[in-house]
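Biologist: Hi! Could we go through this structure together? I have a few quick questions.

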Amino acid sequence: MTSNTTRTLAGALAAKTLVLDGGMSNQLESAGHDLSDELWSARLLAERPQAITEAHLAYYEAGADVAITSSYQATFEGFAKRGIDRDRAAALLSLSVELAREAAAQAREKGVTRPLWVAASVGPYGAMLADGSEYRGRYGLAVAELEAFHRPRLEVLAAAGPDVLALETIPDTDEATALLRAVRGLGVPAWLSYSVSGDRTRAGQPLEEAFALAAEADEVIAVGVNCCAPEDVDGAIATAARVTGKPVVVYPNSGESWDAEARAWDGRSTFTASEVAGWRDAGARLIGGCCRVGPEAIGGIATALGAGA
């Protein structure tokens, strides 16, 4: 675990608002890597791990306090489709945490002195399917089945020693319930972040109902939204803070929308760092960007929040 003077991420959140990184795929594609693959950025864990370290480093140097690992789409089932056995898949999941730690070490060598943290990404079941269902939810699986899917990789990621487990882009309350059960007893805190549209989850449940699931979960140190339009953030912060009393995490997309059939982004960016001070004042304690939000934007967030190396 980290040797930061604040000792725990929860302790750091009590002291100030922290800056999250931006989109991993955004940075990898900007560096020239082809991610047109069902494993998305997770493919590079096996093929080009140094590229992932470099992406994390770019965000740390831009002003991010927290790096989210490249394990979003990394699952035993997804790797098995590519002929990667279970032991190798577990090693790649662990590697995702190690690469972020290595990037933090390199950032310190380059003069970054603030505490740096690592969040192990745990994407939804639909991310493994790679068919856009992560933006819809309601996979037709029982909560127990979803828990059984998530628990093995959560155990591996937790054992790798991240500061927090990022349960992110969750589209519905069934999967949130499964994940909240699956993180029990792992000894690593978590944040729970929904993918939303307006004031509802992607599956259509009211956010008040969705956030309430995490209100009494001791493992959860923050709750909020990601992979949504920037316009959806204000309402989500207010609801999450009121319902849970926990620190709020927000990291929206650029404002463009993902076309799952074309596997391309459409529309225009509406993300602006000028909004983040208002998000902080409303209760957000972890603020960053998701898809199509790069290091320059994260640097803007850090500046707006008064962060610095």
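Modeller: Happy to! Let me start with Gln-106: setting aside neighbours within four places in sequence, Gln-106 is in contact with Gln-50, Thr-53 and Leu-57. Keep in mind that this is a predicted model.

Biologist: Okay, and which helix is Gln-106 found in?

Modeller: Gln-106 sits in helix α6.

Biologist: Is Gln-106 buried or exposed there?

Modeller: Gln-106 is buried, with a relative accessible area of 18%. The cut-off for buried is under 20%.

Biologist: How do helix α4 and helix α6 cross?

Modeller: Helix α4 covers residues 49-62 and helix α6 covers residues 86-109. Their axes come within 8 Å and cross at roughly 50°, so α4 and α6 are oblique to each other.

Biologist: And is that crossing of α4 and α6 left-handed or right-handed?

Modeller: The crossing is right-handed. On the α4 side, the contact is made by Pro-49, Gln-50, Ile-52, Thr-53, His-56, Leu-57 and Tyr-60. From α6 come Leu-95, Leu-99, Ala-100, Glu-102, Ala-103, Ala-104, Gln-106 and Ala-107.

Biologist: How many of the residues in the contact of α4 with α6 are nonpolar, polar or charged?

Modeller: The contact of α4 with α6 has 10 nonpolar, 4 polar and 1 charged.

Biologist: I see Glu-102 in that list. Is Glu-102 buried or partly exposed?

Modeller: Glu-102, which lies in helix α6, is partly exposed at 38% relative accessibility.

Biologist: How far apart are Glu-102 and Leu-57?

Modeller: In sequence, 45 residues separate Glu-102 and Leu-57. In space, the C-alpha to C-alpha distance between Glu-102 and Leu-57 is 8.7 Å.

Biologist: Nice. Changing topic: how many disulfides turn up in the whole structure?

Modeller: A search of the whole structure gives 0 disulfides.

Biologist: Let's move to the backbone. What is phi of Arg-138?

Modeller: Phi of Arg-138 is near 50°, a positive value in a residue other than glycine. Arg-138 lies in the loop between α7 (125-129) and α8 (143-159), and Arg-138 is partly exposed, with a relative accessible area of 47%.

Biologist: And what is phi of Thr-169?

Modeller: Thr-169 has a positive phi of about 60°, although it is not a glycine. Thr-169 lies in strand β4, residues 164-170, and Thr-169 is buried, with a relative accessible area of 2%.

Biologist: Which residues is Ser-195 in contact with, leaving aside neighbours within four places in sequence?

Modeller: With those neighbours left out, Ser-195 is in contact with Tyr-135, Thr-169, Ile-170, Pro-171, Thr-201, Arg-202, Asn-226 and Cys-227.

Key. Residues are numbered from 1 along each chain as its sequence is written. This is a predicted model: local features need pLDDT of at least 70, side-chain atom pairs count only at pLDDT 80 or more; totals for chains, interfaces and linings use all residues. Side-chain values use heavy atoms; hydrogens and water are left out. A disulfide is a pair of cysteine sulfur atoms within 2.5 Å. Axes are lines fitted to C-alpha atoms, for helices over the stretch in contact, and angles run from 0 to 180 degrees between N-to-C directions. Helices (H or I, at least four residues) and strands (E, at least two) are DSSP runs, numbered from the N terminus. Angles under 35 degrees count as roughly parallel, over 145 as roughly antiparallel, 65 to 115 as roughly perpendicular and the rest as oblique. A crossing is left-handed if the near helix is turned anticlockwise from the far one by less than a right angle, and right-handed if clockwise. Contact means heavy atoms within 4.5 Å. Ala, Val, Leu, Ile, Met, Phe, Trp, Tyr, Cys and Pro count as nonpolar, Asp, Glu, Lys and Arg as charged, and the others, Gly among them, as polar. Buried means under 20% relative accessible area, exposed over 50%, partly exposed in between (1.4 Å probe, protein chains only).
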